[in-house]
Each structure stands twice: as structure tokens, then as C-alpha cells.
Amino acid sequence: MRIAIAQFMQETNSFVPFTTTVKTFEEQHLYRGEELFTAFGKARLEIPGAIAALRAARAEIVPLLAAMAMASGTVERASFEILLGEIVERLRAAGPVDGVYLALHGAMILEDEPDAEAEIVRRVRGELRPGTPITVSLDLHGHITSAMLQLDVAYVGYREFPHIDMYETGYRAAKLLVDWVNGKVHPVMALAKRHMVVSPDSARTTVPPLSDIVAEGRAMEARGEVLHVSLFPVQPWIDTPDLGFAALVCAQSKEAAQKAADKLARMAWDRRAEFEPTLTPLPEIIAIALSGEGLTVASDSGDTPSGGGAADSTAVLEALLKAGADRADRISICTICDAEAAAEAAQAGVGRTVTLRVGHKRSGLGEPLTVTGRVKTISDGRYVLMGPGAHGMVGEMGLTVVLEIGAIRLNMRSIPHFEWDPAIHTSVGLDPARAALVFVRSPAHFRASYAPIAARIFIADTPGPTSANMRRIPYTRVTRPLYPIDLVNG
């Protein structure tokens with residue numbers, strides 16, 4: 001059995017003023033050929049999971065390319081062609097294969113095409129002999145379209161959010177492919193959608209209402225009615241037609257798959273009002289943290305790099321300064337992505353006091369803020385995620401400087417990266433567990449790592465292109481009516 005594997009993952013945000021290029025992928029990772037076997041190290045991600053499943057089946061693995069970018073703006077067509085073109089060319093050069101496994105995100109949008117995943121799958125299929133199966137793993141926040149449901153293609157999505165099962169999803173998708181090639185199953189897919197968007201923190205698989213819908217999907221699998229149930233609350237910061245909650249079901253018959261998908265989508269729609277997020281104003285969060293015991297962790301939900309934001313908003317830093325957090329007895333930690341300010345501080349050197357203009361240089365969504373502080377730490381920004389999910393994954397923040405502004409610690413990095421894990425701070429000498437307050441630029445995944453050390457957690461109602469308040473998102477292309485933007489009954 002010869003199985004080709006590839007990854008091409010990016011999550012698009014339609015509301016940022018920058019685009020995604022090959023360089024954006026290189027900042028995260030871009031591996032080729034045999035590198036796929038070793039480059040991920042011990043990281044629990046999709047490609048290592050798929051490799052483990054294929055090795056267990058004694059398959060010959062044909063590694064093509066693994067490209068992943070941090071969430072960002074629309075993908076440039078030229079860059080897309082370079083990377084997909086290389087995947088296709090490597091597949092063509094490999095000769096006949098019995099199947100293909102693809103690790104995709106599900107919410108990649110091109111400059112000239114709103115459904116990148118459908119195009120990726122279609123063009124890979126074009127290189128295969130008729131009837132050759134493809135399985136695809138997807139992020140739970142994928143935008144699922146009917147065009148993705150193509151002949152001889154099956155999809156398997158993450159089951160968990162926070163995302164703690166990327167490795168397991170890659171394994172399950174590759175195992176499905178092995179069973180398919182061996183004739184044990186012949187999967188068919190069915191899709192059901194509802195035009196609704198929900199705040200990511202309200203769509204955690206560990207709490208109602210989504211946990212109840214997930215439980216029904218797992219029960220369907222346990223009863224043998226279907227092979228795989230995948231639920232997609234969708235990444236809400238893309239502006240494209242047919243945006244909404246999707247239930248995507250893999251079964252051995254179209255009738256069984258469609259029946260299950262319809263039921264699950266209907267359950268989500270019936271409980272749509274329960275997805276309303278609980279958001280807290282910044283001044284209230286800061287007051288509670290500075291006067292309370294233990295660690296307060298808060299999401300700067302409006303400008304998260306894992307949702308495509310530039311991570312350069314100064315809203316949190318301004319609020320901390322206004323509240324006097326710089327004069328507090330305990331430290332507060334926040335972050336900002338500003339390559340220019342980091343370089344200027346690094347040039348000054350550790351121990352030096354500098355005055356910098358920080359923030360809004362990439363996004364252009366506000367004016368930089370002038371701050372004065374002491375350079376505490378200079379780092380290359382390389383660290384290893386230690387929390388659940390992407391455990392073992394290497395993070396790249398680029399040149400990173402910690403600036404002491406009184407009791408505030410500003411972690412300034414050059415490249416936006418996941419803020420899921422306390423390791424972004426411990427790697428530069430900060431201990432979040434001993435702080436009064438830590439702001440994270442993550443919609444919800446941060447809970448997996450921070451919940452064990454936090455006395456309380458808040459989602460801050462902050463502005464920006466990844467707002468947790470769905471009514472703030474300036475959609476122009478989505479299919480209307482769209483809940484909760486529009487009043488929808490029935």
C-alpha cells in the first residue's frame with residue numbers, strides 16, 4: 001500500500017489589511033519530502049498522527065510537503081500556486097499511489113477564490129487514478145462547503161475545542177484511508193448547515209450547548225449508525241457566502257449520513273441562543289485581578305493571532321496603564337507583536353531604559369502608544385509548547401524582548417504566534433503562575449493550559465478583527481439572514 005501525505009493549512013481572516021504569502025508559511029513551517037518524517041519532532045500534530053497510523057498498517061508513506069501558516073489575511077493566489085503546485089508536482093513524480101491523506105484547515109480563502117480547500121482537493125484528485133481515495137483532516141473551525149464533497153473524498157474533523165486532538169485526528173483520518181484502501185469501508189459524506197456564527201469561547205466542546213451536540217454525535221458513532229461525525233462551529237471572521245455552523249458526517253450510506261447531519265445541525269440551531277458569549281469590560285477585569293488573590297487570566301479576544309489578528313492592538317496595555325497596573329504590588333503580563341519596537345529595545349540592550357512607540361504598525365487599526373520601560377530580557381523567540389494539544393510543537397516568535405513598565409511586563413515579539421501556552425512567557429523568564437493578571441491573545445484554546453493555574457478566567461470585550469462579539473463583525477458577503485446579526489425565527 002502506497003499512501004501519499006501532505007499538509008497545506010492556513011486559517012483566513014477577511015478583516016485584516018494584510019495578505020498571506022509563502023513567507024507567512026515559512027515563518028510557521030514549510031517542510032519537504034523526507035523532512036516530514038523528522039521535522040515535527042515529538043509534536044502531537046496531524047502529520048505525525050497520520051504517519052503513526054500508516055506505519056501501523058505497514059504502508060509505504062510517500063511524503064510530499066507540509067506547509068502551515070499562522071492565521072492571517074487572504075492568501076495570495078501566486079503563493080497558493082507555488083505551494084499547491086509543488087504538492088501536485090511531487091505527487092505526479094511519485095508515481096501511482098493507493099491513496100492520499102491531506103491535512104487541511106478548512107477556512108483558507110484566496111484573493112480570487114473563497115473555497116481554497118475545494119480547489120486543493122480537486123487538483124490533487126486530478127493527479128490520481130479514478131477511484132483512488134483521499135481522506136482529509138480538518139480543523140473544527142473550518143468553513144465547510146458543498147463543493148468540498150467530491151467523489152472518493154472523506155473528511156474527518158477535530159473532535160475537541162480547545163484543540164487537544166490534532167494528533168488523534170490525523171491518526172483517525174489516515175486509519176480511515178487504510179480501511180478504505182483495504183475494502184473494509186466505502187465512506188460517503190453528507191453535509192447540513194445553518195446560517196449562524198458563534199463566539200469561539202462559546203463553542204467549546206467541553207461545555208453546553210456544544211458538548212451536548214458532540215455527545216449525540218459520539219453516540220451515533222457508538223451505535224454504528226455512522227463512521228465519523230464532525231461538527232464545525234466555523235471560524236466567524238471570514239466574509240464569504242454560506243458561512244455557518246456545519247455538521248459533516250461520514251457513513252457507509254448516503255441516507256444514514258444525511259439523516260445524522262440533519263439532526264445535529266438542527267440541534268445546534270434549536271439551541272442557538274445559548275451560544276451567546278459572556279464578555280467582560282477591561283476595567284472590570286483589571287480591578288478584580290489587582291484586588292483579588294491568585295491569578296486572573298483574560299482573553300484579549302479582539303486581536304488574536306490564532307484568529308488572524310496582527311496581535312498589535314494596544315487596548316489592553318492602555319487599559320492597564322490607565323488603571324495603574326504599573327504601580328501595583330504584583331505583576332501583570334501582556335503581549336504585543338511589534339518587530340520594530342523589539343529591534344529598537346534589543347539594540348539598547350538588557351538593563352537599559354527606553355522610550356518606544358508600540359503597536360498598530362502592521363494592522364494600522366490605531367495609533368502607536370508611547371511607553372517607557374526597562375529592557376529585562378532579549379530572546380530569539382523560539383520555544384516549545386508544553387500544554388495539551390500541540391504539545392511538543394516548536395513556536396517561533398522571532399526577536400522577542402520583555403519590557404518592564406513598572407509592574408507591567410510587556411512581552412514584545414516580532415512574529416505573531418499562538419498564545420495558547422504559558423511557554424511563550426516562561427521561555428523569556430516570566431512566570432505566569434506568580435502574576436496577578438495575564439492577558440492572552442487567544443479566543444479560547446488558552447483555557448487548556450491556563451485553567452489549572454488560574455483562579456478566574458474572563459473573556460475581555462476588546463476591539464479588533466477577531467472580536468468575540470459577533471454583532472461587531474462587519475460582514476458584507478455572507479448569506480443573510482445570519483444569526484445573531486439578524487433576528488431569525490423558526
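**Cysteines, pockets, cavities and strands**

Q: How do you know that Cys 337 is too far from the closest cysteine sulfur for a bond?
A: The sulfur of Cys 337 lies 13 Å from the closest cysteine sulfur, which belongs to Cys 334. A disulfide is a pair of cysteine sulfur atoms within 2.5 Å, so the 13 Å separation is too far for a bond. The model is a predicted one, in which local features need pLDDT of at least 70 and side-chain atom pairs count only at pLDDT 80 or more, while totals for chains, interfaces and linings use all residues. Residues are numbered from 1 along each chain as its sequence is written, and side-chain values use heavy atoms, with hydrogens and water left out.

Q: What is the count of disulfides by this rule?
A: The count is zero disulfides. For Cys 334, too, the closest cysteine sulfur, in Cys 337, is 13 Å away, too far for a bond.

Q: Why is Cys 334 called buried?
A: Buried means under 20% relative accessible area, exposed means over 50%, and partly exposed lies in between (1.4 Å probe, protein chains only). Cys 334 has a relative accessible area of 2%, and is therefore buried. Cys 337 also counts as buried, because its relative accessibility is 8%.

Q: What makes a space a pocket, and what is the volume of the largest pocket?
A: On a 1 Å grid over the protein atoms alone, a pocket is an open set of points with protein on both sides within 12 Å along at least five of seven lines, whereas a cavity is a set of points where a 1.4 Å probe fits but cannot get out; lining residues have an atom within 4 Å of a point. Grid points are joined across faces, edges and corners, and a volume is the space filled by probe spheres set on the points. The largest pocket has a volume of about 350 Å³. It is lined by 24 residues, and Cys 337, Arg 362, Ser 414, Ile 415 and Pro 416 are the closest to its centre.

Q: Which helices each supply at least two residues of the lining of the largest pocket?
A: They are helix H1 (22–28) and helix H10 (339–348); helices (H or I, at least four residues) and strands (E, at least two) are DSSP runs, numbered from the N terminus. H1 gives the largest share of this lining, four residues.

Q: How many cavities of 30 Å³ or more are there, and how much space lies in the largest cavity?
A: The count is three cavities of 30 Å³ or more. The largest cavity holds about 340 Å³ of space. Of its 24 lining residues, Glu 11, Asp 139, His 163, Phe 418 and Trp 420 are the closest to its centre. The second largest cavity has a volume of about 50 Å³, and helix H6 (210–222) and strand E8 (228–232) each supply at least two residues of its lining.

Q: Why is strand E7 described as largely enclosed by the rest of the structure?
A: Strand E7 (residues 188–194) has seven residues, five of which are buried, so it is largely enclosed by the rest of the structure.

Q: What makes E7 and strand E9 a pair?
A: Two strands pair if DSSP finds at least two bridges between them. Seven bridges join E7 to strand E9 (residues 245–251), so the two strands pair, and they run antiparallel. Val 188 stands opposite Ala 251 in E9.
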